[in-house]
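Please walk me through this structure.

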Amino acid sequence: MKRTRQAVKAEYPVLQTREETKKQRTCFYGPVFGKSHMQTLDWGSLPHHILLCIFQFLPLVDRAWASSVCRRWNEVFHIPDLWRKFEFELTQPATSYLKSTHPDLIQQIIKRHANHLQYVSFKVDSSTESAEAACDILSQLVNCSIKTLGLISTAKPSFMNVCKTHFASALTVVFINSKSLSSIKIDDTPVDDPSLKVLVANNSDTLKLLKMSSCPHVSPAGILCVADQCHGLRELALNYYILSDELLLALSSEKHVNLEHLRIDVVSENPGQVEFHTIKKQSWDALVKHSPKVNIVMYFFLYEEEFDAFFREETPVTHLYFGRVVSKAMLGRIGMNCPRLIELVVCANGLQPLDDELICIAERCKNLTAMGLGECEVTCRGFIEFVKMCGGRLTQLSIMEEVLIPDNDYNLDQIHSEVSKHLGRMWFPDMMPTW
């Protein structure tokens, strides 16, 4: 006997008519779009704001493929809101595994969306060709209104290999045409004093963040010009060699807003070739009086004999990171002269126990909440005394297991329970650095 169509559908529910499948597909969107759209909805007629939301979540390549679905989706692909934030990835196949932004897409962006770009970054690999390509793009952004600009080298600082004139010329195109830059990250680049003067002349009212560590062509006078004119500057990152008393006083003027973050990199590539100057206590005091909540972060990459100029007087640093060997005497000065210290990381010290220095830091640095120790030595007893003095305020404590030296009072099996007791939480020494 021939079975009816209804019997077949009952036994094999996956066999459905084309009309029923379409109905189920449209009904899926009912709760989102309302009953009036249930019978007529297709992907080409999705509401504008839904399409825009979908495109915003798609990677750039998928977004480009989606734009070829229909004319309406292609129109959405070019909506200005989708091009306000963009990262140019510029790589060479021989030097990087990262995917590069397609040249045709770059030209389309320059032709159709340069005036829509607001939050722009360039990520380049280690090749000079990629950095030069970034400069070529920058020089074409003549109709831009960029608010944030970042130049990022994923490996060695390839922008430093670009001709200084070419780089400065490309950068000033953006500085002149944007007139509303608020955030600039140009670390490891050949930016120079004339470029900064152009930046100030066109963006002094809007600039809030400037990161320019390892920019050897900038002088103390160049960065002072920025501080004198850009009174809204809240975050600044620079190398110690351009830090001056005059700069700190300019950042402390009545016209200037409160500074929130000051990062200072203190770097020496060859021992003995750099003589570090001293910043006066009065200049530091003026800055803290004007901006009492400012975070002052210092990264040190010096050799042991080069620390003589630092922390001889009270210094309002809040975060200290030592990437090379630092002496016991230096750590002792930190305990005596850094009362605002919040975080301290010592990657290496040597073979002399740091018990006394840590106890001094715990006693005098009442704001200390984070500590990291790498290739150092501390007795178990000294370390427990340090933790006991700091107590529960130590929210981050990263200590390599090799740092701790067993003594007559404690061994490595006992120390985690003693430290955990004083911290008020479970704690174990680290097997590898976490900072």
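Leucine 373 stands opposite isoleucine 399 in β13. Strands here are DSSP runs of E with at least two residues, and helices are runs of H or I with at least four, both numbered from the N terminus. The contact belongs to a parallel pairing: β11 and strand β13 (residues 396-399) join over 4 bridges. Two strands count as paired if DSSP finds at least two bridges between them. β11 also pairs with strand β10 (residues 343-348), again in the parallel sense, over 5 bridges. There, leucine 373 of β11 is the bridge partner of valine 346.

The model is predicted, so local features need pLDDT of at least 70 and side-chain atom pairs pLDDT 80 or more, while totals for chains, interfaces and linings use all residues. Residues are numbered from 1 along each chain as its sequence is written, and side-chain values use heavy atoms, with hydrogens and water left out.

Now burial. Buried means under 20% relative accessible area, exposed over 50%, and partly exposed in between, with a 1.4 Å probe and protein chains only. Strand β11 (residues 370-375) is largely enclosed by the rest of the structure, because 5 of its 6 residues are buried. Cysteine 380 is at 0% relative accessibility, so it counts as buried. Cysteine 215, at 1%, counts as buried too. The structure holds 0 disulfides, a disulfide being a pair of cysteine sulfur atoms within 2.5 Å.

Next, the open spaces. A pocket is an open set of points on a 1 Å grid over the protein atoms alone, where a 1.4 Å probe fits, with protein on both sides within 12 Å along at least five of seven lines; lining residues have an atom within 4 Å of a point. Grid points are joined across faces, edges and corners, and a volume is the space filled by probe spheres set on the points.

The largest pocket has a volume of about 440 Å³. It is lined by 16 residues, with Leu60, Val61, Thr101, His102 and Leu105 closest to its centre. α5 (60-66), β1 (85-90) and α7 (103-112) each supply at least two lining residues. α5 gives the most, with 4. The lining divides into 8 nonpolar, 4 polar and 4 charged residues. Ala, Val, Leu, Ile, Met, Phe, Trp, Tyr, Cys and Pro count as nonpolar, Asp, Glu, Lys and Arg as charged, and the others, Gly among them, as polar.

The second largest pocket has a volume of about 370 Å³. Among its 16 lining residues, Asn239, Tyr241, Val267, Ser268 and Glu269 lie nearest the centre. Strand β7 (residues 261-267) provides the largest share, 3 residues.
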